Amino acid sequence: MARTIDTAAQQIRTASPAALLRRRIFGHYGLLFGIVVLATIVLIAAFAPLLTAHDPYTQDLLARMKPPFWMAGSDPDHLLGTDHLGRDYLARLLYGARISLAIGVIAALISGLIGTAMGVAAGYFGGRVDLVVTFLINVRLAMPVVLVALAVVAILDGSLQVVIMVLGLLLWDRFAVVMRSSVLQVRDLEYVNAAKAIGCSVPRVILSEIMPNVVNNLIVVATLEMAHAILLEAALSFLGLGVQPPTPSWGLMISEGKQMLLFEPWLIAIPGVALFVLVLAINLLGDGLRDVSAPENKG
Amino acid sequence: MTDPILSVRRLTIDIPLAQGTMHAVRGIDFDLKRGETLCIVGESGSGKSLTSLAVMGLLSGKLRRSADRLEFAGIDLMRQKPRTMRSLRGDRMAMIFQEPMTSLNPAYTIGDQLAEAYLLHRRASRVEALARAVELLGKVGITAAESRLSQYPHQLSGGLRQRVMIAMALMCEPELIIADEPTTALDVTIQAQILRLLADLQREMNMAMILVTHDLGIVARIADKVAVMYAGEVVEQGTAREIFDNPRHPYTRGLLRCIPVPGKTKPGEHLGSIPGIVPSLVGVVEGCAFRGRCDVAAPSCADPIPEQKEGAEHAWRCIHGQAEEGAPA
Amino acid sequence: MAGKADDTLNAAFTKELESVDSYFNSAREGVILQRSIWDGLLYLNQETGEYEGNLATSWQWVDDTTLELKLREGVKFHNGEEFDADDVVYTVNFVAKPENGVVVQRNVNWMKEAVKVDKYTVRIITNGPFPAAFEYLAGPVSIYPNEYYAEAGPAGMALKPVGTGPYQVESVEPGKHFVLKKYEGYHDSPKGRATIGTVDIRTIPDINTQLAELFSGGLDFIWGVPADQAEKLEAMGRFNVANESTMRIGYLELDAAGRSGEHPIKKRAVRQAIAHAIDRQAIVDSLLKGKSKVVNSACFPSQFGCEQDVAVYDYDPQKAKALLAEAGYPDGFTVDFYAYRDRPYAEAMLSYLANVGITANLKYLQYSALREMRHKGETSMSFQTWGSYSVNDASAITSQFFKHGVEDFARDDEVKAWLDKADTSIDPAVRKENYSLALKKIADEAYWVPLFSYNSNYVLTQDAEYTPTPDEVVRFFQVHWK
Amino acid sequence: MLAFALKRLGLAVLVTLTVSLLSFSLLFMSGDPASAIAGENAGAADIEAIRTLYGFDRPFLVQYADWLFSALRGDFGQSYYFKLPVSELIADRLSVTMLLGVCGISFALLTAVPLGVAAAMRPNSFIDRTALFLSVMGQAMPSFWFGLVLIVIFSIRLGWLPPSGTAGWQNFVMPTIVLGYYAMPAIMRLTRAGMLEVLGADYIRTARAKGASEWRVMFKHALRNAVVPVVSLAAVQMGFMLGGSIVVESIFALHGAGYLAWESIGRNDLPTVQALILIFSMFYIVFTFLSDLANAWLDPRIRVG
Amino acid sequence: MSETATPPVLELASVTKTYQVKQGMFGKPKPLHALSGVSLRLNRKDVLGLVGESGCGKSTLAKILLGLEMPTDGRVLVDGREIAPGERRLLARRIQPVFQDPYSSLNPRKSIEDIIALPLLVHGIGDGAAREQAVTRMLDLVGLPARVRRGYPSQLSGGQRQRVAIARALIMKPEIVICDEPTSALDVSVQSQILNLLGDLREELGLTYLFISHNLAVVEHLATRVAVMYLGQIVEEAPARDLFAGPRHPYTTALLESVLTPDPSLSVPDTHLGAAYPNPISPPPGCRFHPRCGKVRDICRTTPPPRVEGPEGHVDCHLYSAAPTH
């Protein structure tokens, strides 16, 4: 009687999870597109000073609203033209990537921390904690985001920090909802019971047994909320209550360019397309991550 | 001897996967006569459920089905339009699934769902259909049948739901009924009740029945004929008595040794076991698929395996195949 | 499409008007409606600068604080009520009472009361000598029908306004839509009769939407069009574009008194450096354009008493840096820069300040929020504008801000004394002299950095004509079809 | 069913109260309301007089309770800016926003649900890819930008649609598309995912085994179950839409409640902003409440026992 | 009940577990008695088979023993010493679980090595090297090749995973292993391997098992004693051979009849079990089994049955009480 069931047929059957993931990522074009574009934008943001000789803040009132290179009368020194104060549009666009990314990342980080803590607590402890968290989520969902954000930014005045904080404090709901349901799903799985029966402390159960199994959902939500925050900032700036000039935020650039919408549409087309591409890339990344982490729920 | 109502020859099901084609069912044959019960038995992944779905024409779109012959009551199922298949399904051939909890539509009442099965195939009013439903609910042993009609599936226990499923399958008095693991999700006591009900109804209505299961106990109690499937092949088939009393294929023998039998196996002593795991069916599969786990495997097991027969009913695919001494341990 | 064909002039407001009752709003849009719906006792002829009789036919000072007016006879309000001395008395006595809550108290708080002499004669008693009285009687003080107002009150008046003006109100949807109809029974006023039958005014907040409507024919008349857009519109040749200067000037308000705490701006040299740092001419040429001018004195040049011979700070960054170094800030400093409108101008100034080493963080607030901060003395530097209510007198601006009120960041006793004298004297020479002294000191100390005067662009469809006036008030009754 | 409704109602009331407290306290800190009432060119003394007149010197909770009890009677006080009852002001504006919301959600549902179903019926087909493309575009498109682009194309270049106002149905075409397209992707995705999930369910196989046609399987058995989460989402989106109509209303100069809210924030018009936040919240709460009831009706597992 | 020299290694003394099943926020919570006064003794090296239908409270019992749930009432004693609510870690050192579903009982994000070594890590036993050694030893013990240690659960078959779960349970050298349906998710051929392994390990390590199963054939094969649960109560308990030879409680009889042995000469039995399993929120009065019992008498409908002690067990049934009690 052999206790070992090992035979020739008994190989480690499938690839490791990491290898599987790699394979899936490279088979997903949307995800690849998202990664490549986002990486490009991140690099642009990081190396903005190397990519343009112009300073995004230097104004030249005599060279205002020079058209971009594809239009007649363009100035080869300003590839994408200049804005209403004669600042180089390309430089502002490149530096603007930093602002948008910073807003997206930090706001998602703050809301992620709040939402995850609440969602995990609700999902794991259930009972009264869950009641309270669910209630808070309801309250938060019932508050009109744009309106409340506008009101708060109006009260606290719109600096970059304030906008990021407000968005961070407002956008935690989806984290909480998703983390709550993810944890609820995982919480009653037997490996969690096993860990408890082994004598793991609550923090250990949460951090080392539950979190690794819900972290992909967290990442997906984080990307979506990042996109959400970037769009919201743009909307706030558009309404005049976002980050303050002369900060080269894309939302602000659209808001400034809007003045000349009918005559110089490229002023909003350029930052608009940049914003669109960035959000698109982040969304594709998020969608792609969801697909590869749970291929059965593609959609 | 009557013609078989269901005749299957070289039924093959392929599943295209990213890594290659998976040969899930590899050329199986069987016949079934009116009034007979065929049990298809095998472990998970052996292709037994796919076989039953293939007969019903319910394989999902990606799966490829082919067969030399797939005849039901003289109708060539391989060549029928979807429309014809629909008119057969639920009318002349019906199916019962494994999960009674999820196999009923949660949005509609029991009555709606039972009546639908009838109205799809019979020119009848809704009132007539509901009367028929009450009749069949009574038949499957559900008390207060009329009041059940307006209930929703979630209000019933698992055992009751499986009875409803059976009633639904029998609404049009099918000639063939296929039950795919109908009791796996149920408690032991309920399992016995449902099986007994099925067996009684099958006899009463003179239906042909295919029962797919992994439980040898069920097979022994209910089957006229048994087909043992392993890795997409029927490795052995015959009458229940032949299979249990005189198993020829090493896999069948192994399976029988694995289960503790009250009164026969001694408590605490080692049970038989089959080492290893089921081989991958992706790509080309040649020779005996069991040879990697077989304790009597020989080099020639890698060659094509001819079918061996003993009498009209008992057949197996193994180059060995001589009767084993004594009863299975 | 509306327009000349159906005798309707479609115009747009940029801002939601809080109330049509002219005493209960403080907005430019309110003034525009007020001039069309109501009449004042007097009228200021924009061309001659002379006062003419409107609801009054003659007027004269009985003493320093008593003005007697003869009223026009035969005038009827839009609702048919007859105009007489009772209407003037009721209106003046109502608005002069502070507890009735007229929003802009300055417009009315110089009046103590009105007294009826006979049916067509009234006396207005002022709270002291008030040389600018005619300015107000020709401007914001409109006469309401006493019976109707007593019954409807400000709320009713806001929804269904009744006046004597060239236009009567057809409908009001608060804040968003106003329809005016030509008042056929309008009296023989120096304002002249309206020629266009209907004026349909919608509130369209975004100037671009207004432009889009103009393009698609949905609007016939818009104003306040920014210089860049006006230039482009003019170049298109499809519209009549008119530019006119306004009495509004922009200035930097500097906290010389240190109300917001210790900071570099308390030093005169720093304030002068700021004045030297900003290229006002470039801003005027590139951003404001039109009839805008650089201003050097803390008032609008045409205003009575607005001394022009004051210290001039030309654009000189080197000098600015030198002044900063002299003040002890060779590397500059950081300061919050508050603003509430014209963000591009503010941004341009930030950039100039940055060039001399001053890092100014823009705090762009709503007007009321910024005003609140200023009242509390929390701003050390802010970009303000003031339109003087189109009152052509330095008292409407300089005296507003340098007499130790909550909006005075200079707190200069000497200046206050001069201004007090100028404001209360009725001798023009005395007034002029004292305003001059005050304004010269303000410039020398650089309490303010006066920047530029504003202008406004008026755009009409080619079917219509209008000659704008420098007081920035749109007179629909003077628009006419070609 | 009644107990379920009551329970949801209780929760809704509690949420409403909390939101009202939050918005009240939030705006209480938003600076001096007296200054806002005084208007643009008022002096310091004017403001001081107003402060005592309106009772802004009372303790916070007193003011809140006062406000809340009035609000319960439908009295949200006077707008500081318009000097009109807030309730009148809002009632007037709300109809535009509601109309816009209904148009927007209808547009979203009418495009998203058929697309989602079609996509789920044929995964990876052309129509599936088209639907996915549309939804990805819709999620990444800033709606204010989209609105501006539409104005440039349809009002300026083509002259087909009026760029602003509420005069006729033409005025609502572009706002509807902008607002609807904002909600469309999520609904489409959920419909598709829900249909895909439901189509894989055991009871669908049961229906097929009965001999039901594909059409019947799709629309009788699948959609009924897949639509349950879509109803919830549509309610949530509708709530968001009303609250988020600010941008669209300001671009297309629709004098709705969203635009009023934005302007009121700028004007420090406290009673109006408070009332609007509360009313938008109520809308969200009412819609989700109604969707819960609708779901209970659609899904007997909630409705019965 | 038989006298033992030493106290039982594990004892449950009238343990009750009641869940408050809340019906919405304002609905009145209703009590669900998952366990009603369950007393059990587990002697060293015994294999106590616990059988019953789903919903009878078997799993709740297991959770209480593992410290995953606190009993509402009653005591849990280990070696005669009561375990206080705060002593879960103490419990963990002596009692370890093997769960039903090997697909969900292993954390998919952790390597096999980490899974097996987790108990040592948690209890701070040994250093890295010692833990590595222990893992090697355990892999060998449960018959897994050493190279799987760096693999992940998704790379293993069901049987292999269950071996990993057993290795994890045994690495702490516990005395008691709670096996909650350890083979019901496995194929027959694998089931026998795991049963064999459990049998061998018991011999080698002197383990005590609580073996929870609904498969009576498996229980008969492995158990030394059997307890039959019905609706939160233990209705019969006896040495395995006695119980299988002569079941006393009608429910036990029905369970035994339901076992389908692979004997083609027999047909499907009629268990005479009426009605379905009752709702535990509103259990039937009297004997909880009476609505389904073929031998029901009037007294069964009103009066809970007495406990009838036998020489080596007990049965709770009116059929065996000397006189009807009130």
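The contact (heavy atoms within 4.5 Å) takes 42 residues from chain D and 40 residues from chain A. This is a predicted model, in which local features need pLDDT of at least 70, side-chain atom pairs count only at pLDDT 80 or more, and totals for chains, interfaces and linings use all residues. Residues are numbered from 1 along each chain as its sequence is written, chains are lettered from A in the order in which they are written, and side-chain values use heavy atoms, with hydrogens and water left out.

Between them, chain D and chain A bury about 3,500 Å², with 81% of it on carbon and sulfur atoms; buried area is the accessible area (1.4 Å probe) that two parts lose on being put together, summed over both. In chain D, the residues losing the most area to chain A are D:Phe144, D:Trp145 and D:Ile265, together 17% of what that side buries.

D:Arg189 forms a salt bridge with A:Asp287, and their closest N and O atoms are 2.6 Å apart. Helix 1 of chain D, with eight residues, gives the most to the side of chain D that touches chain A; helices are DSSP runs (H or I, at least four residues), numbered from the N terminus.

Elsewhere, helix 5 of chain E (residues 158-170) has 13 residues. Of these 13 residues, 13 are buried, that is, under 20% relative accessible area (1.4 Å probe, protein chains only).

Technical notes
Helix = DSSP H or I, 4+ residues; strand = E, 2+ residues; numbered from the N terminus. Expected span 1.5 Å × (residues − 1). Buried < 20%, exposed > 50% of the residue type's maximum accessible area, 1.4 Å probe, protein only. Salt bridge = Lys/Arg side-chain N within 4 Å of Asp/Glu carboxyl O.
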